[in-house]
Amino acid sequence: MRRKYFIYSFTVLLFALAGVSCKKFLDVNQNLNNPTPASVQLSFVLSAAERNISNNLALGTGLGNTMAVYTHQITGRVAADRYGAGSSGWEGLYGAISNLNVIINRGTAEKRFVYVGISKILKAYTFSMMVDVWGDVPYSEFDRFEEGITQPKFDKGIEIYPKLIALIDEGIADLNNPTVNPSKPGADDYIYKGNVTNWIKAANTIKLKLYTQVRLVQNVQAQVTALLASPATLINSHAESFMMPYGPIGATDDRHPAFGDYNATQRGGQLFSPWLYEIMKGRNATILNGLTDPRIPYYVYNQKSAPGGTNPTPENCTDFRDGGFISILFGSNGSCRDGSNSQTYSLVGIYPSGGRYDDGAARSINSIGAQNAGTGARPHEFITYADRLYLEAELIHAGLAPGDARLAFSKALDASFAHVDNVIVNFVKPGSAGAAQTVPAIATLPATTTYKAGVLAAYDAGNAAKKLEYIMTEKWINRIENPVDNYTDYRRTGYPVLFAPAPEGNVTSVTGPNGVVTPVQNDRKYPWSLPFSATEIGLNSNAPPQKVPESFKVFWQP
């Protein structure tokens with residue numbers, strides 16, 4: 001089993017070092033159990049690890065898209081439809097952790113403590129995400145091949161979480177170590193460019209997130225109160241958000257993974273969910289009813305116009321249609337589910353993927369050209385300033401921290417809209433695309449002011465449970481690019497309320513806005529975690545039996 005991890009780690013580093021001292025790196029006399037000999041710079045290892053973590057969590061990745069379907073933000077003709085996905089992301093995340101361990105071990109010996117501190121924080125964050133998804137994972141015995149441990153045991157999630165908090169504290173101590181470092185991260189640190197202050201703020205905010213996630217099974221009042229008492233030690237502005245940048249197409253294409261549907265020859269695996277769309281349109285009878293979300297054209301790009309418009313005719317019949325919005329229903333058994341509609345489907349837009357803003361022109365991506373459609377330079381969000389404010393609103397609402405929950409929620413809403421502008425202006429830069437666009441700033445639109453006022457009025461009218469639902473629903477809408485955390489939030493709070501097509505095995509129907517009735521079916525109960533990696537179970541004699549995802553809960557679930 002350990003060999004599996006080594007091979008992945010070695011491959012990651014090989015790509016990172018392509019063209020840089022390849023002869024020395026591939027010397028057959030090197031010890032192959034040490035994938036990063038002294039000749040390999042830690043800067044390459046850090047860059048590869050950061051990108052690898054993001055490439056396994058972001059919207060558009062295997063794990064990211066599974067979680068986005070499970071939380072009904074996207075849909076499509078994919079395995080996650082009807083809750084049937086596998087364990088994607090396991091090997092990739094462990095590969096990244098192997099690389100981080102190399103930095104921690106070598107960096108400590110070489111007194112490169114800033115590299116070590118960053119790597120410990122990233123390692124703790126990555127393991128926390130794995131616990132959140134799978135529950136129990138190899139932790140204490142992972143990557144100890146040289147000590148003779150080839151079949152690491154699975155640790156319980158409840159035992160891992162406290163160790164992650166301790167590891168984060170170790171990382172902060174390393175960053176504060178006054179020892180003179182032979183070298184420090186700079187451009188090789190894609191996330192913060194070696195800014196130690198921002199890394200410490202991210203570390204503290206990760207702790208706040210972890211404490212929030214365990215609040216139903218552990219008293220965390222003292223810990224969260226202490227953290228929130230010093231907001232300047234947390235992510236406290238958009239510029240400090242914990243994010244992984246992606247770039248536009250260039251000599252090497254490093255665009256955001258969710259931009260891939262713009263390049264695809266056959267689209268349909270990553271479509272905007274009708275459930276989320278209807279909520280944002282204000283049509284859900286139980287939440288945000290009558291409130292039209294101004295973010296819709298930033299979230300969804302329509303390739304077709306409404307009937308009677310300039311480009312209304314689809315290639316084939318459509319499963320779900322509302323004017324120019326065309327998608328597929330979760331669990332659909334409809335006759336139009338599998339037809340080719342690559343130039344018809346509405347795509348994930350400029351904010352979630354770095355694609356296009358919906359300006360109403362209703363142009364197919366093929367007519368624009370996949371290379372010109374957008375820049376794809378959208379960062380992956382580990383934790384943003386808006387996320388931190390939503391955590392604060394939830395904690396105050398739960399009575400675990402002092403303050404005004406409504407005020408914190410109001411600030412989180414403001415930060416959500418400002419974050420859209422921050423991402424588009426400072427990262428995506430739509431004016432630099434082949435088919436450039438001018439995108440209006442959403443934070444200052446009158447429609448945004450109206451929407452926020454309506455949300456707060458509905459919040460004020462709700463009871464305690466409804467207030468929490470508003471907080472978590474708005475957090476879910478805002479954080480479309482980080483679907484793994486949305487999956488976690490739903491399982492621990494029950495919000496947002498998700499689409500439930502039918503009791504498993506049964507068929508019901510959905511009537512679309514255009515009157516079309518589509519049968520939908522759900523094959524199984526909601527999965528409370530993902531199945532363990534089948535490869536892991538096959539290679540590791542200490543792995544437990546494969547779980548039943550519908551009944552295996554993560555320890556922090558009530």
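Begin by selecting helix H3, residues 42–57, together with helix H6 in this predicted model, and look along the pair: their axes come within 12 Å and cross at roughly 20°. Because angles under 35 degrees count as roughly parallel, H3 and H6 are described as roughly parallel to each other, and H3 passes H6 in a left-handed crossing. To see the contact itself, show the side chains of Leu42, Ser43, Leu46, Glu50, Ile53 and Leu57 on H3, and then those of Tyr115, Ile118, Ser119, Leu122, Tyr125, Thr126 and Met129 on H6. Sorted by class, this contact of H3 with H6 is made up of nine nonpolar, three polar and one charged residues.

Next, move to helix H15 (residues 385–397) and helix H16 (residues 405–428), whose axes lie 8 Å apart and pack at an angle of about 165°. Since angles over 145 degrees count as roughly antiparallel, H15 and H16 are roughly antiparallel to each other, and the crossing of these two helices is left-handed. On the H15 side, select Tyr385, Ala386, Leu389, Tyr390, Glu392, Ala393, Ile396 and His397; on the H16 side, the residues in contact are Ala405, Ala408, Phe409, Lys411, Ala412, Leu413, Ala415 and Ser416. The contact of H15 with H16 has twelve nonpolar, two polar and two charged residues.

While H16 is still on the screen, select Asp421, which lies in this helix. Is Asp421 buried or exposed? Its relative accessibility is 14%, and because buried means under 20%, Asp421 counts as buried. Leaving aside neighbours within four places in sequence, Asp421 is in contact with Asn426, Pro440, Ala441, Ile442 and Ala443.

Now turn to the nonpolar interior. In soluble globular proteins, nonpolar side chains tend to be buried together. The largest nonpolar core here has 139 residues, and the members that touch the most others are Phe242, Tyr298 and Phe409. Helix H6, residues 113–134, contributes the largest share of this core, with 13 residues. A second, separate core of twelve residues can be selected as well, and it includes Tyr262, Ile328, Tyr345 and Leu347.

Return to Phe242 and ask which residues it is in contact with, leaving aside its neighbours within four places in sequence. These are Leu122, Tyr125, Ile191, Tyr192, Trp199, Ala202, Ile206, Ile235, His380, Glu381, Phe382 and Ile383.

Select Arg82 in the loop between strand E1 (74–75) and helix H5 (90–109); although Arg82 is not a glycine, it has a positive phi of about 70°. With a relative accessibility of 14%, Arg82 counts as buried. Then go to Asp143, placed in the loop between H6 and helix H7 (157–175), where phi is near 65°, again a positive value in a residue other than glycine. Finally, select Tyr495 and Pro496, which are joined by a cis peptide bond with omega about 0°; Pro496 is found in the loop between helix H19 (483–493) and strand E9 (507–511).

Terms used: Residues numbered from 1 in each chain as written. Predicted model: local features only at pLDDT ≥ 70, side-chain atom pairs only at ≥ 80, totals over all residues. Heavy atoms only, no water. Core = buried A, V, L, I, M, F, W, Y, C linked by side-chain atoms within 4.5 Å. Buried < 20%, exposed > 50% of the residue type's maximum accessible area, 1.4 Å probe, protein only. Helix = DSSP H or I, 4+ residues; strand = E, 2+ residues; numbered from the N terminus. Contact = heavy atoms within 4.5 Å. Axes fitted to C-alpha atoms, helices over the stretch in contact; angles between N-to-C directions. Parallel < 35°, antiparallel > 145°, perpendicular 65-115°, else oblique. Left-handed = near helix turned anticlockwise from the far one by under 90°. Nonpolar A, V, L, I, M, F, W, Y, C, P; charged D, E, K, R; others polar.
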